[in-house]
Each structure stands twice: as structure tokens, then as C-alpha cells.
Amino acid sequence: NRFLEANEAAQRLFGMSMRELRGMQEKDLSVSAEAVRRPKAERRSEERLSLPHYRRKDGSVFPADTSTAFLMLQGRPSQLWMVRDATERLRNKSVRRHQEDQDVFMGEVVHELRAPVAIIQGFAETMRRGVRRASDRSEFLKSIEGQAVRMAHLVDRLLDLSAARSKRATNPAPVFAAKLLWEIVSAFVPVARRRGISIKIDISADLAVVADPGDLPHIFGNLLDNAIKFSPKGGEIWVRGRTEGVEGIISVKDSGGGIAPEHLSRVFERFFRCARTRRTKGTGLGLAIVQGIVTTNKGRVWAENDPAGGAVFKVAL
Ligand code: ADP
């Protein structure tokens, strides 16, 4: 992968002009981690060793936070490579080793927003410099719009998440799960049908769980959303409910590719998305929201793979 374009910030970061950068590769700039000496204050920082390091034109080396995104450039599939000097971030971290959860969260949010912002900025900058071909122009505008939509979606999910976290009280009450789930599922049937997916329900009429009835649509809405998203056309989704001991267990099973075993618990982390499914639309927040809501209802949620294929998400209340 050779560099086609570099924005002004990248030219400053590496101390190189666009002409120097054009045609280079990532490996031309990178320095192996073993060759890097760490400043004393960060002796215990494992993180720094795990970051890639790059050399500037003047020979100085810096650790970097990087991420990549795919996009179409001049009609060709290309990669956007984002590099950010991590020196300052690591220094702050070693000073305040125990960051508050809030700070970590903020960092994650910023990380997620950085990609769309960088793409929008990059394309706007390119267009300001002048784009001759009309087809390129419309392609750039489409990318800008697409990224803005992605940001809007992310902001919506962040609001859901903060609503789920700050909800003052849950009002758990015994609810008949079958009736409520029928209503929730019904709302998803048209979406599923458009993709040829059928949703089947098997819940005994007397299954009762203790939960805030207003929370169930959020929980199962997110799970059904994913089940539809990750099922192939013509697939089948099963919503099942049964009593086990004192718990009611409600499961949503899809007919998609399932989840790699090492990711079964990680899918509930904020912003975590399996590499295999990166290409689907999403924010990586849905399941974090689900887990937050289930926990406030004193329940549990986990993921499994069905031996016959597909992922199964189970909620115990
Ligand atoms: P999003 O779907 O917006 O990416 P989620 O928090 O809902 O975020 O899910 C996180 C990740 O977990 C998804 O990106 C996907 O990799 C994986 N995942 C969630 N549900 C399923 C499913 N039903 N089948 C396969 N993978 C799933």
C-alpha cells in the first residue's frame, strides 16, 4: 500500500512534504519496538511497547495511535491511515495511572469520533484545493455525507448509553414475558421480512420475569437488531423463553456466522466490534447498552454459539 495523499497534519507530523510522502509505504516510516528506548517515567508502561513507532525526517521517533478505515478514492478501494503522536497521551497516563472510568470512556468516544472527523476533514480539505473531475467531487461529497451519518448514529447511541447509565431508578415488577416479547418482536417483523428473515417465538404463556417493563424493548430491541443484521438473507431467528430455577431465561438465536469463542465476552465491551464483522454498520455500543440495562435489573446477559450455527444471546432475569 503506497501513500496517495497526505493531509497537512501528516506532513507536519513526519516533517515531510506531500511529494516526499507520496509513494512511500507505512513500513518505510516505522521503527521496530526493540529499537526504541523508553523514557524513565514510563518504565512500567507496557502499552508503549505495544504501540507502533515511526521516524520523522529529522530522525526523531515517536509512538503512535493509529487506525485505518476503508474508503473509495478516485473510484478505487483505498485505505485511510490515521496516525497520531501518542507521546503526550502516554505521559499523561503515566502521571495519572488510575484514570477514572469516565476518562477512559471519554477517550474511547474520542477515538471513535476521530475516524469520521478525519475523513470529513480530509475530503473537505481536498475539495478546497480543487477537484477537477465532477465524478470525484460527487464521490467525495458522498463520503463526507456518509461519515456525517455515521457520526449522527454514534451520537444517538451515546445518548442511549448515557440514558441507560443515568436512569435514576428501575421499577422492576413481575411481567409476563410472552406478551411483551410478542409486541417487541412484532415491531421487527417488517424489517426482517424485507431481508427474507423469519422470526419465530417460543415462550410459554406463563413465563414471568421481574424487570422494568420499559427496559425490555431496549434489551431485546438491540438483540433483535443484531440478530437481523448478522443473519444471511432468508435466515431464521428464534426467540425462546423458559424458566430455570428462579430465573426466566430468554434467548435470541440467529442464523449468522456466530462469534469467535475468544470474543464471546468481549462483545459487551463498549466499542468492541469483531474484526470479521467490521464491514457491517454499527457502533459497538448496542451490547454495552444491553448489559448496562440488564445489570440494573439485577439480571445477567451472555453470548454463546449454537452448535448448529449462529449466535445465541441469553438474558436471565
Ligand atoms: P454493533 O452491532 O453496533 O457493532 P454491538 O455492541 O451491538 O455493536 O455488537 C458488538 C459486536 O459484536 C458487533 O460488531 C459484532 O462483531 C458482534 N456481534 C453482536 N451480535 C452478533 C451476532 N448476533 N452475531 C455475530 N456477531 C455479533
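What share of the contacts in the protein chain with a separation of 6 or more comes from residues 24 or more positions apart? The figure is 62%. Keep in mind that this is a predicted model.

Some overall numbers, then. The protein chain has 317 residues, and 39% of them count as buried. The secondary structure comes to 10 helices and 11 strands.

The largest nonpolar core contains 51 residues. Ile-199, Leu-216, Ile-219, Phe-220, Leu-223, Leu-224 and Phe-313 have the most contacts inside this core. Its main contributor is helix α8, residues 177–194, which gives the most, eight residues. Another core lies apart from it and has 12 residues, including Phe-3, Leu-21, Tyr-54 and Ala-64. As background, nonpolar side chains in soluble globular proteins tend to be buried together.

Let me stay with Phe-313 for a moment. Leaving out residues up to four places away in sequence, Phe-313 touches Leu-223, Ile-250, Ser-251, Val-252, Ile-259, Val-267, Phe-268, Leu-287, Trp-302 and Ala-303.

Next, Lys-314, which sits in strand β11. Is Lys-314 buried or exposed? Lys-314 counts as buried because its relative accessibility is 15%, and the cut-off for buried is under 20%. The side chain of Lys-314 makes a polar contact, at 3.1 Å, with the side chain of Glu-304.

Which residues are closest to the ligand? They are Lys-229, Asp-254, Arg-273, Thr-277 and Thr-283, out of 19 that surround it. By type, the shell divides into nine nonpolar residues, seven polar and three charged.

One is 2.8 Å, to an N or O atom in the side chain of Asn-226. A polar backbone atom of Thr-283 is 2.7 Å from a ligand oxygen, and for a polar backbone atom of Gly-284 the distance is 3.0 Å. On its own the ligand has 530 Å² of accessible area, and the protein covers 98% of that. The elements giving two or more residues to the shell are α9 (216–229), α10 (286–296) and β11 (311–316). Strand β11 is also where Lys-314 is placed.

Methods. Residues are numbered from 1 along each chain as its sequence is written. This is a predicted model: local features need pLDDT of at least 70, side-chain atom pairs count only at pLDDT 80 or more; totals for chains, interfaces and linings use all residues. Side-chain values use heavy atoms; hydrogens and water are left out. A residue is near a molecule or strand if one of its heavy atoms lies within 4 Å of it. A polar contact is a pair of N or O atoms within 3.5 Å; within protein, one must be able to donate a hydrogen and the other to accept it, and residues adjacent in sequence count only if both atoms are side-chain atoms. Accessible areas come from the Shrake-Rupley method with a 1.4 Å probe; for residues, only the protein chains shown count as cover. Helices (H or I, at least four residues) and strands (E, at least two) are DSSP runs, numbered from the N terminus. Ala, Val, Leu, Ile, Met, Phe, Trp, Tyr, Cys and Pro count as nonpolar, Asp, Glu, Lys and Arg as charged, and the others, Gly among them, as polar. A nonpolar core is a set of buried Ala, Val, Leu, Ile, Met, Phe, Trp, Tyr and Cys residues joined through side-chain atoms within 4.5 Å. Buried means under 20% relative accessible area, exposed over 50%, partly exposed in between (1.4 Å probe, protein chains only). Contact means heavy atoms within 4.5 Å.
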